[in-house]
2 protein chains.
Amino acid sequence: MFEAAIKITLKKTVADPQGLTVKHALESLGFNSIANVWMGKFIRITLNAKDKTEAEAKVSEMCKKLLSNPIIEDFSFEVSNA
Amino acid sequence: MFEAAIKITLKKTVADPQGLTVKHALESLGFNSIANVWMGKFIRITLNAKDKTEAEAKVSEMCKKLLSNPIIEDFSFEVSNA
């Protein structure tokens, strides 16, 4: 059994209105030293595979086919034994 | 300038219907070896602080006050120089 920890983030060139809203909310709570906030997704998946290489290949395909939108998002992940 | 990479995840005892939906969607695409899927948030924040300890204290407070819901979510983060 393997566990994948996947981060989905907006590409740097894409506007992030949700991040801006969170930045303003933090500032209104008194956090005045924030330069920027970016919102993304964090996904954990446990899966069966015969080895780590196969698990990584599967997770990469999941990211490309469903979990991320490749037009506006980047993904990165780490696979470990679980 | 420091950069914080924050993960917000549902506590293990809390039901995750979004994760279940994503699991079913992946299965319908032919990924049949998935045991479980958990959805969470990934937040990046750049902020000014006089040292790493102060930056970590600030980020921890942000997580408790706004970014996470402590009743149903856990958070973890890493702060690095940016």
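**View 1. Lysine K23(A) in helix α1 of chain A.** K23(A) has its place in helix α1, which covers residues 17–28 of chain A. Helices (H or I, at least four residues) and strands (E, at least two) are DSSP runs, numbered from the N terminus. K23(A) counts as buried because its relative accessibility is 14%; buried means under 20% relative accessible area, exposed over 50%, and partly exposed in between (1.4 Å probe, protein chains only). When residues up to four places away in sequence are not counted, K23(A) touches I34(A), A35(A), N36(A) and V37(A). Contact here means heavy atoms within 4.5 Å.

The model is predicted: local features need pLDDT of at least 70, side-chain atom pairs count only at pLDDT 80 or more, and totals for chains, interfaces and linings use all residues. Residues are numbered from 1 along each chain as its sequence is written, chains are lettered from A and ligands numbered from 1 in the order in which they are written, and side-chain values use heavy atoms, with hydrogens and water left out.

**View 2. Chain A as a whole.** Chain A contains two helices and three strands, and from the N terminus on these elements follow the order β-α-β-α-β. Chain A is more spread out than a compact globule, because its radius of gyration is 16 Å, well over the 12 Å that the globule rule gives for 82 residues. The radius is taken over C-alpha atoms, and the rule is 2.2 Å times the number of residues to the power 0.38. Along its principal axes, the C-alpha trace of chain A spans about 50 × 25 × 15 Å. Of the 82 residues in chain A, 38% are buried.

**View 3. Strand β2 at the pairing of the two chains.** Strand β2 of chain A (residues 34–47) and β2(B) pair in the antiparallel sense over 13 bridges. Two strands pair if DSSP finds at least two bridges between them. Within this pairing, K41(A) stands opposite K41(B) in β2(B). In chain B, strand β2 (residues 34–47) is mostly covered, with ten of its 14 residues buried. Strand β1 of chain B (residues 2–10) runs antiparallel to β2(B) and is joined to it by eight bridges. The bridge partner of K7(B) in β2(B) is F42(B).

**View 4. Isoleucine I43(A) in strand β2 of chain A.** I43(A) is found in strand β2 of chain A. With 1% relative accessibility, I43(A) counts as buried. Its neighbours within four places in sequence being left aside, I43(A) is in contact with residues of both chains, including A4(A), I6(A), L67(A), V37(B) and W38(B). I43(A) and F77(A) are 34 residues apart in sequence, and their C-alpha atoms are 9.2 Å apart in space.

**View 5. Two residues of helix α2 in chain A.** S60(A) lies in helix α2 (residues 52–67) of chain A, and T53(A) lies in helix α2 as well. Is each of these residues buried or exposed? S60(A) counts as buried at 17% relative accessibility, whereas T53(A) is exposed, with a relative accessible area of 58%. Apart from neighbours within four places in sequence, S60(A) is in contact with F75(A) and F77(A). T53(A) and V79(A) are 26 residues apart in sequence and 9.1 Å apart in space, C-alpha to C-alpha.
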